Amino acid sequence: VSIDPGFNQPGSFDLSYIYPNPTNAWINFDMELRVAGQYTMTLYSLDGRELATRVYDLKSGSNSLQWGMGNLPSGQYILNASGNGQYTSRQVSVVK
């Protein structure tokens, strides 16, 4: 797990830990936010296709979220989190 050095900047956030990874059904992930607001999570295939997008209204501080991955074939995916002018991405593995 890497921590984005930008997290110390006002308004920044971190998508810290995705578990279980690899998964076959659900992933859980934690977001640590400096500022409450609307954050968008987008799941991409490795070839850049946008597979799903969700928008969350989140509070400042720690937020725990869950995403169903059961409908996806085995493979590698990128989960991108964006909001408040910031973004970060993490890789997710699905194994069936």
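1. A word on burial before anything else: a residue is called buried under 20% relative accessible area, exposed over 50%, and partly exposed in between, using a 1.4 Å probe and protein chains only. By that rule T88 counts as buried, because its relative accessibility is 8%. Q91, at a relative accessible area of 43%, is partly exposed.

2. Some ground rules. This is a predicted model, where local features need pLDDT of at least 70 and side-chain atom pairs count only at pLDDT 80 or more, while totals for chains, interfaces and linings use all residues. Residues are numbered from 1 along each chain as its sequence is written, and side-chain values use heavy atoms, with hydrogens and water left out.

3. Now the sheet. Helices (H or I, at least four residues) and strands (E, at least two) are DSSP runs numbered from the N terminus, and two strands pair if DSSP finds at least two bridges between them. Four strands make an open sheet, ordered β4-β3-β6-β7, with antiparallel pairing. The edges are β4 (50-58) and β7 (86-94); each has a single partner strand, so one side of each lacks a neighbour in the sheet. From one strand to the next, the twist averages 20 degrees (axes are lines fitted to C-alpha atoms, for helices over the stretch in contact, and angles run from 0 to 180 degrees between N-to-C directions).

4. Strand β6 (residues 75-83) is joined to β7 by nine bridges, and the two run antiparallel. One of the pairs to look at is A81, whose bridge partner in β7 is T88.

5. What surrounds T88? Beyond its neighbours within four places in sequence, T88 is in contact (heavy atoms within 4.5 Å) with F13, L15, L79, N80 and A81. Its side chain also makes a polar contact with that of R90, at 3.1 Å. A polar contact here is a pair of N or O atoms within 3.5 Å; within protein, one must be able to donate a hydrogen and the other to accept it, and residues adjacent in sequence count only if both atoms are side-chain atoms.

6. Q91 also lies in β7. Do check its side chain, which is joined to that of Q76 by a polar contact of 2.3 Å.

7. Elsewhere, β1 (residues 13-19) and β2 (residues 26-33) pair antiparallel over five bridges. They form a hairpin with six residues between them, and I18 stands opposite F29 in β2.
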